[in-house]
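The sequence and structure come next.

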Amino acid sequence: MKNTINHFVSPLLILGSLLILGNTFPSHAKAGMVSINNTPETTTPAIVTPLENKIDSEQEPLLSAGWTIDLPVHSEKYSETSYAYKQCTWWVYNRAQEFGIHFSTAMGNGGDWQNNLAYEITTTPQLHSAVSFSPGQIVGGQWQADPTYGHVAFVEAIHPDGSILISQSGTGFSSLCNYQVLTATEAAQLHYVIGK
């Protein structure tokens, strides 16, 4: 009986140790986002294959109160040959396609989109445009874009007060799609890339 218990305890101790170690890495260890206060993450990311993590309009994350989007998300149709699956660039490229808006498959990292001379770039929020965050730039006062690659998101809606709703993806998010509201002041500090 003692040997049987040890066989069961050892794997449990190992699993518990792995979970504890997995939770001690700071959030900047996860690609695409950095916590602005560098506190450790408290969740362990699930290992998910692309087909398991596809969302449709029924599984889509809830929007903030008072916000709507013009078209539901149909990520099951998103191309995985454009950009790497679940990267911010993959999300924006494919979300724009749903609106008939096109971006090149050679836009670079999220922070690079604002420097692409083939597209109109403005600091005035534009509906259904890409919004590009420079490496290390604070995103809505909540987290920091990757210090090397930056970030890019899609502008879903703009309120009359100048605040915007963005949709985004990235390996640092627990779900495939994430919505975030940026204030007018935050929105005015960003670069918007107008698709073709």
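## Salt bridges and a loop residue

Arg-95 and Glu-156 are both buried. In this predicted model, their side chains form a salt bridge, with N and O 2.7 Å apart. Salt bridges with shared partners tie Arg-95, Glu-98 and Glu-156 into one network.

The structure has two salt bridges, listed here.

| Salt bridge | N to O distance |
|---|---|
| Arg-95 with Glu-98 | 2.9 Å |
| Arg-95 with Glu-156 | 2.7 Å |

Arg-95 and Glu-98 both sit in helix H2, three residues apart, which is about one turn of the helix. Glu-98 has 23%, which lies between the cut-offs of 20% and 50%, so Glu-98 is partly exposed.

The other residue to look at is Thr-81. Where is Thr-81 found? Thr-81 lies in the loop between strand S1 (33-35) and helix H2 (88-98). Its relative accessibility is 77%, and because exposed means over 50%, Thr-81 counts as exposed. The side chain of Thr-81 makes a polar contact with the side chain of Ser-79, at 2.9 Å. Thr-105 is 24 residues away from Thr-81 along the chain, and the C-alpha atoms of Thr-81 and Thr-105 are 8.9 Å apart.

Terms used:
Residues numbered from 1 in each chain as written. Predicted model: local features only at pLDDT ≥ 70, side-chain atom pairs only at ≥ 80, totals over all residues. Heavy atoms only, no water. Helix = DSSP H or I, 4+ residues; strand = E, 2+ residues; numbered from the N terminus. Buried < 20%, exposed > 50% of the residue type's maximum accessible area, 1.4 Å probe, protein only. Polar contact = N/O pair within 3.5 Å; in protein donor to acceptor, adjacent residues only side chain to side chain. Salt bridge = Lys/Arg side-chain N within 4 Å of Asp/Glu carboxyl O.
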